[in-house]
Amino acid sequence: MAHASEAVRQLLLASIDEVPAEIRDAWERHAADSVIDVWERPALSPRYRSIVTVAALATRGCPTELRHQVRVALGHGLSRVELCEVAFQVTGYGGLGVGLEAMRALREVFDEDPDLGAAPDDLPPGLPGADR
């Protein structure tokens with residue numbers, strides 16, 4: 001895998017266990033053909049693809065997958081502040097409820113692992129996790 005991160009590949013492999021056995025093989029092929037191939041395209045870096053992915057999942061209201069992709073995005077070098085700004089941007093186009101759900105997902109990830117992707121002064125006051 002030239003461009004896709006190992007974290008994305010592992011996330012897709014983990015998703016296979018969520019699918020009924022009757023269709024698991026087709027799901028695995030679909031995941032490889034659709035998601036991995038997109039992540040391997042050279043025009044965008046994994047970091048930029050993470051921004052797009054987080055924004056899309058937030059807008060679609062997919063909190064479980066969003067939490068997973070937030071971890072991937074942190075691994076691709078996005079800061080907590082940048083992820084908060086992505087969620088804030090989504091609020092302007094998707095609405096307050098969508099943005100709040102995205103912020104909740106961010107906070108859950110940040111609370112689960114306070115050291116994940118954060119420098120001590122990474123978060124300005126008032127953003128999720130800033131009270132650490």
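**Labels and their cut-offs**

Tutor: Start with Tyr93, which is exposed, with a relative accessible area of 74%. Exposed means over 50%, buried under 20%, and partly exposed in between (1.4 Å probe, protein chains only). Tyr93 sits in helix α5 (residues 80-94). Helices are DSSP runs of H or I with at least four residues, strands are E runs of at least two, and numbering starts from the N terminus. Keep in mind that this is a predicted model: local features need pLDDT of at least 70, side-chain atom pairs count only at pLDDT 80 or more, and totals for chains, interfaces and linings use all residues. Residues are numbered from 1 along each chain as its sequence is written, and side-chain values use heavy atoms, without hydrogens and water.

Student: How far is Tyr93 from Thr59 in sequence and in space?

Tutor: They are 34 residues apart in sequence and 8.3 Å apart from C-alpha to C-alpha.

Student: What confidence does the protein chain have on average?

Tutor: The average pLDDT is 84, and 85% of the residues score at least 70. pLDDT is the predictor's confidence in each residue, from 0 to 100. Residues 128-132 stay under 50. Where pLDDT is low, the predicted coordinates should not be read in detail.

Student: How many disulfides does a search of the whole structure find?

Tutor: The search finds 0 disulfides. The test is a pair of cysteine sulfur atoms within 2.5 Å.

Student: What makes Glu108 and Arg67 a salt bridge?

Tutor: Their closest N and O atoms are 3.1 Å apart. The rule asks for a side-chain nitrogen of Lys or Arg within 4 Å of a carboxyl oxygen of Asp or Glu, so the pair qualifies. Glu108 lies in helix α6 (residues 96-112) and Arg67 in helix α4 (residues 63-75), so the pair ties together parts 41 residues apart in sequence. Glu108 is partly exposed at 35%.

Student: Which side chain does Glu112 meet in a salt bridge?

Tutor: Glu112 meets Arg71, at 2.2 Å from N to O. This pair also links distant parts of the chain, with Glu112 in helix α6 and Arg71 in helix α4, 41 residues apart. Glu112 is exposed at 54%, while Arg71 is partly exposed at 29%.

Student: How are Glu101 and Arg104 placed in helix α6?

Tutor: They are 3 residues apart, so about one helical turn separates them. They form a salt bridge, with the closest N and O atoms 2.3 Å apart. By the rule, the count comes to 5 salt bridges.

Student: What makes Leu44, Tyr48 and Val52 a patch?

Tutor: They form a nonpolar patch on the surface, with about 280 Å² of accessible area together. Patch residues have over 30% relative accessible area and no salt bridge; like charges are joined within 9 Å, nonpolar side chains (Val, Leu, Ile, Met, Phe, Trp, Tyr) within 5 Å. Areas come from the Shrake-Rupley method with a 1.4 Å probe; for residues, only the protein chains shown count as cover. Tyr48 has 48%, so Tyr48 is partly exposed. Tyr48 lies in helix α3 (residues 46-60).

Definitions and conventions
Contact means heavy atoms within 4.5 Å.
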